[in-house]
Structures are given as structure tokens and as C-alpha cells.
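Open the model in your viewer and keep the selection panel at hand. This tour goes stop by stop.

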Amino acid sequence: MALDGLDLSVPSGVVYGFLGPNGAGKTTTMRLLTGLIHPDGGSIELLGRPFGRRDRRRLFDVGALVESPAFYPYLSGRANLRTLAASGAPTPKHRVEEVLELVGLKERGNDKVSTYSLGMKQRLGIAGALLSDPKLLLLDEPANGLDPAGIVAMRDTLRHLASVGKTVFISSHLLGEVSQLADVVGIIAAGKLVREGPIETLLSGEGQVRVRVAANEIERAVATLAPLGVAARVDGSDDGRPAGPANEIGWLVVPIEPSRAAEVNRALAGAGIYASGLESGSDLESLFLELTSAAPEPSAAGTAPIVPGNWQ
Amino acid sequence: MRLLVSTLGKLRSRLATWLTIGLLILLMALIYLAVGATAKDTATRPNGQAVLLLITFPGAYALILGFVLGLGGLFVMAYAAAIAGSEWTWGTLKTAVARGESRSRYMMTTYLGIALVAGVGMLVAFAVGVLVTFLAAKLAGVSTDGITDTSIFGNLPEQFLRGWYGLVEVGAVGFTVATLARSQLAGVGAGIGIYFAGSFAGLFLPDVVKYLPFAAANSLIAVDSSTAGASGGQTLARLDPNMALLVVGLWLVGSLAVTALFTERAEISG
């Protein structure tokens, strides 16, 4: 079973980052939410209401790019969008030009899709998802194939959409990208939601700086850092004390925002303790790895509600 | 309606559409012109006069239609299979479903588009066939006076409708096979397999094979038995034309029902 009791709360008007390792169930969730597959058991809520086989019209308010973008290779980008506009949600003709402009493909709109690069296809896929001016945008790995400029443009576009009240739900492996873009993240592992919340809230409790100091200075270093309001501990030790000879020179973990790394270093240096190493990696990455490394296997079919509303 | 218009636009832009019609016309032209060019030698052989009936009007009208239905049926089956299969392999069905489009409506509309294209293709191929047959008759020195035989024209609309009905049926079978296999190649392969397996099996099991898609479609149009073998269609076992209407209808409705049901229940990925 791919999902197990997955219950996502997606506030409206935000960018929601849906994270998880390969095989965690991200794409399965996307496919369930777009009616491409149906759950073996349980139920789905979409846009605040139950979503079943007979509720396909609910998708008129949803724009989606699931897995890889799919087009007729022998048609132009513009013709593909026109073709897409003829299915599903009624779409005004001028909308095709608007979304082509939005994703920067207006000039290449008459070229066949078979001549497009991966990044251009991805942009066209995002344009297709935006065709019906949806309330909810579901994008599976939207940065795939985009060059740096394309990623920045996509980020701006998605942020703009959220600012005008659209809900943007993106799944991604790119933690750095999600941390820059998302307001709220949900982390899934083995089909279960293991953490969800506004990104600042999650990271404020998870940030850390690692400092490498000599073993005989660890206790003094811990005491020195205490006035910063943090309880430093030795990496790999449960009680925070050096574990033995292996820690003659060890890493001290300081649970503090990475932006305060210099403050940590300054405090230690002020006490005559000179760090031989200092790290402050991606907090989201640390959190992600911590949460997804020991997730249990799912045991049953699950549910995947997605309910835009105000974040509690 | 917008979906049908869009489907027709897609089919018009697709190379396979023009390739299928062009190939049918090319083969037909080659065969008829070869008959015309070698008529003087052919006429002296046993059954040679029967071969010349291919290019003798007004009987040639029915034979041209028989040819379009026979080889054209195979082409329509492969064409329909290619269209259906590509909806799955390219992921375009997925995109439409994710936009809230009805799965079965999408596939049925796609097939309706194929059926309309097949009808237009049949008319074009028939018109070119008449022209080529006329040229072949001139080459062979066969009289073309029968080309204006008005007694045949009254019957043509019904023959066209029956022919189109047959093409739509074999196309639906190919469309369904490709849908079940979710593959263009499988659909095309199965179509060709059904065509030739039916022809071969017809030698041994004529009473069974006459109910199969191609044989039933070919039976929709009555063809003079003395010349039927030269038309390119399966002629070993034939149903009564009115019985064929029923059998073809069953194949058509059954195929499309399977397609709709399968598409509704399928897990879509890719």
C-alpha cells in the first residue's frame, strides 16, 4: 500500500511544499487528488468536500502537472494548449495566450513540442495547469529541467499566484527550492505524514549548528553556550557528554538557527575555545533526513484529504 | 462539441492520418494501373476476363468500394489503434482527466473523430479509385462507357454507408485492443494479426470466421462472386449483407463498451 492514513491540511493562499523520499507516496497522492487513480479504501477530500469517482467536475478548480508533462509532440505548444483547453473545465480562448506569456513561451508557441527542451516542456506543463485559472494548483516536481532563470521565474510566478489567493501544492525533492518557495511543508515517509506545518515553525525547532572542539573542552563549551539559550550536546551521545576516546575531538551539536552560527563561534572564541570546524547545513535537509530515515512501512490503504482553509 | 472539434483538429495535423490515406490510395493505384498495363497479357490467361472486370464499369464501382473496405479496413484498424495507444503512451489522456474531463467521453469522442476521418478517407479513396480505374481501363483498351451507368448511382449512398459502417467497426476493434494494451504498437500489431489470421483461418473455419470483424465488415457489401477474389478483401466466407449489419453492430458496440468501461476503471499513470 502506498499511502497510510495521509491527512494533509493545506491552507488556502499558500505555497505548500510536499516532501518525501523516492517511493514515499508523493506522486500517488498527486494521482489520487487528480482522479487518475482511486483509493482501495478510505476517502479523499478535495477543496473541502469529499472527492470520489463521480466528482470529476471538482477538478475544474484544480490545475495539475502530474509526473512528466504530456503533450502531442506533433502539435505546437499553442495548439497543445488549445487542445487541452477543449477538455475539462471551460476555458476562454484568450487564456491560452495569457499562460503562454506567463511562462515565457509566447515566442516559441508555434513551434512543435517535439522541438522543445525538457525545461520548455515543463514550462508548457505549468501553463497547461494554469489554463483554467484554478483555485488549487498541484505541481509534481515543477522545477524539473528548468534552468536557474526558469526556476527563479517559476518561483516568482507561484509566489504571485499564492499572493492572489491561489493555493499552490508542490511536491519536490529539491529541499532548497522548497525552503525558498513554500510557506507550509508536509513531509511524507513510507506513505505517512511525519511532519507538517509552517516552515518557520518547523525550522525554528529544528535548526542546528555543529561545532568541532577538542574533547577536553566540550564541557566548558557547553557551559559557554548556555547563555545563548541553547543546550548543546555531543553528536551521537544521548546524555550530551563525551562518549569516550572516539570523541577526543568531537562534534558538538548546538540547536540554534544557522544564522546564529557566527554568534556561537564568537562566544566560544571569547572563552578561549577555538573550533576546528563549524557546520550549519540546510535545516530543512536535516529535518527531512531525520524524519524520513526511520519511517515505518505503511500497512493499509489510506486517505488523502486536502482542505484549503485558514492555517490553525 | 468543442472536444470533437479539437479531436478533428488533432487528427488533421497528425502525419499518420495522411500517411494512412496516402498509402491506401498509392497501393490501389499501383494495383489498378498494373492490371490496366498488363491487361493484354492477362486477357489470354484462364480467368483473365474476370480480372479485367476489376476495371470494367459499372461493376468496378462495387469492386473499388470492396478494395477500400478490405485493405482500407486493415489500415483503419491500425490507425485507430495508433491513436488510442498514443493517448496512453504520450500521457495526453492523463492530462485531460486531471482537468476534470470524463474518461469515457474523451475516448468515445476520440473514436468519433476517427470514424469521421475514416468516412472522409473512404470517400477520397473511392474517388481516386474511380479515377485510377478509368485510367487503367483506358490503358487496357477496355470500354469506359459504363462509368456513366446511372443505375449504379442510386445504390451508391447505401453502399457508402455500409462501407463506412464496416470501417467504423474494424477501427473500433483496433481502438479497443490498443486501449486494453495501452500501447500503439500492440494495437497495430493485433490489428494486422486479426486481419491475416482471419484470412488464413477462413480457409479452414469459414463458418466461424465469417462472424469475425473483418469478414463481417466485408459482407456488408454484396460483391459479384466471380470477381470478389480480386478486390483485396476477404471473400472466402460471407454473411448475408443484412445479417452482417447486425454482426458488425455487435462488434462495434461491444468494442466501444469495453473501451469505455476499461478507461473508466483504469489506473492512469505516465
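This is a predicted model: local features need pLDDT of at least 70, side-chain atom pairs count only at pLDDT 80 or more; totals for chains, interfaces and linings use all residues.

**Stop 1: two helices of chain A**

Select residues 77-85 of chain A, helix α2, and residues 118-130 of chain A, helix α4. Their axes come within 10 Å and cross at roughly 30°. Angles under 35 degrees count as roughly parallel, so α2(A) and α4(A) are roughly parallel to each other. Look at the handedness too: α2(A) passes α4(A) in a right-handed crossing.

Now show the side chains. Which residues of α2(A) meet α4(A)? They are A:Gly77, A:Asn80, A:Leu81 and A:Leu84. On the α4(A) side, pick A:Leu124, A:Ala127 and A:Gly128. Colour this contact by class and you get four nonpolar residues, three polar and no charged ones.

**Stop 2: two helices of chain B**

Move to chain B. Select helix α2, residues 15-37, and helix α7, residues 103-140. Here the axes come within 9 Å, with a crossing of roughly 20°. α2(B) and α7(B) are therefore roughly parallel to each other. Their crossing is right-handed. By class, this contact has 19 nonpolar residues, five polar and no charged ones.

**Stop 3: where the chains meet**

Show both chains together. How many residues of chain A are in contact with chain B? There are 26, and they touch 24 residues of chain B. Select the chain A side and colour it by class: 14 residues are nonpolar, eight polar and four charged.

Methods. Residues are numbered from 1 along each chain as its sequence is written. Chains are lettered from A and ligands numbered from 1 in the order in which they are written. Two residues are in contact if their C-beta atoms, placed from the backbone, lie within 7 Å. Ala, Val, Leu, Ile, Met, Phe, Trp, Tyr, Cys and Pro count as nonpolar, Asp, Glu, Lys and Arg as charged, and the others, Gly among them, as polar. Axes are lines fitted to C-alpha atoms, for helices over the stretch in contact, and angles run from 0 to 180 degrees between N-to-C directions. Helices (H or I, at least four residues) and strands (E, at least two) are DSSP runs, numbered from the N terminus. Angles under 35 degrees count as roughly parallel, over 145 as roughly antiparallel, 65 to 115 as roughly perpendicular and the rest as oblique. A crossing is left-handed if the near helix is turned anticlockwise from the far one by less than a right angle, and right-handed if clockwise.
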